Amino acid sequence: MDTDCLDGALADFSGYVAADALYDGPFWRLSVVDNRRDKRLLSEVLDHDPTHDDIRTFLRRLHTSLQARNLALLGVTTDGSSLYPEPLAEVFDNVPHQVCEFHVVKEVVKAV
């Protein structure tokens, strides 16, 4: 995403994001959205299954973008994948991490 688009997306940044890795054909799409403003902040396409290193690198891009604008991340929501906890803790030390309510209910329904 170019700087002008990112500046616009972060102009009224809520501090809360949702991070996701979505399988799309032979590719994976990583994305981070401001989940209170419904604005995509960053995205990336991978030609392989995402690893902790991929997620860490992607989250560092977000960290750098926020720091450059003196913005703080207040919370992160993910789908509960094991891809996120370790990189999130490394890049955004004490930022609260929660699992998406939809994904929790989905797992409960599947278990029933």
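In what order do the elements of the protein run from the N terminus on? The order is α-β-β-β-α-β-α-β-α, made up of four helices and five strands. Helices (H or I, at least four residues) and strands (E, at least two) are DSSP runs, numbered from the N terminus. The structure is a predicted model, in which local features need pLDDT of at least 70 and side-chain atom pairs count only at pLDDT 80 or more, whereas totals for chains, interfaces and linings use all residues. Residues are numbered from 1 along each chain as its sequence is written, and side-chain values use heavy atoms, with hydrogens and water left out.

Along the principal axes, the C-alpha atoms fill a box of roughly 45 × 30 × 25 Å. Of the 112 residues, 33% count as buried; buried means under 20% relative accessible area, exposed over 50%, and partly exposed in between (1.4 Å probe, protein chains only). Among contacts (heavy atoms within 4.5 Å) with a separation of 6 or more, 46% come from residues 24 or more positions apart.

The protein exposes about 6800 Å², of which carbon and sulfur atoms supply 52%. Accessible areas come from the Shrake-Rupley method with a 1.4 Å probe; for residues, only the protein chains shown count as cover. The protein carries 11 positive and 19 negative charges, and their mean positions are 4 Å apart. Lys and Arg count as positive and Asp and Glu as negative, while His and the chain ends are not counted. Each charge is placed at NZ of Lys, CZ of Arg, CG of Asp or CD of Glu.

Serine 14 is located in the loop between α1 (3-10) and β1 (16-24). Serine 14 is buried, with a relative accessible area of 15%. Its side chain makes a polar contact with the side chain of aspartate 34 at 2.7 Å. A polar contact is a pair of N or O atoms within 3.5 Å; within protein, one must be able to donate a hydrogen and the other to accept it, and residues adjacent in sequence count only if both atoms are side-chain atoms. Not counting residues up to four places away in sequence, serine 14 touches Asp34, Arg36, Arg37 and Leu74.

Alanine 72 belongs to the loop between α2 (52-68) and β4 (75-78). Leaving aside neighbours within four places in sequence, alanine 72 is in contact with Phe13 and Gly15. Alanine 72 and phenylalanine 13 are 59 residues apart along the chain, with their C-alpha atoms separated by 9.1 Å. Asparagine 70 also lies in the loop between α2 and β4 and is exposed, with a relative accessible area of 73%.

Most residues other than glycine have a negative phi. Asparagine 70, although not a glycine, has a positive phi of about 55 degrees. Aspartate 38 likewise has a positive phi, near 55 degrees. Aspartate 38 is in the loop between β2 (27-34) and β3 (39-46) and is exposed, with a relative accessible area of 71%.

Glycine 80 is found in the loop between β4 and α3 (85-91). Glycine 80 is partly exposed, with a relative accessible area of 43%.
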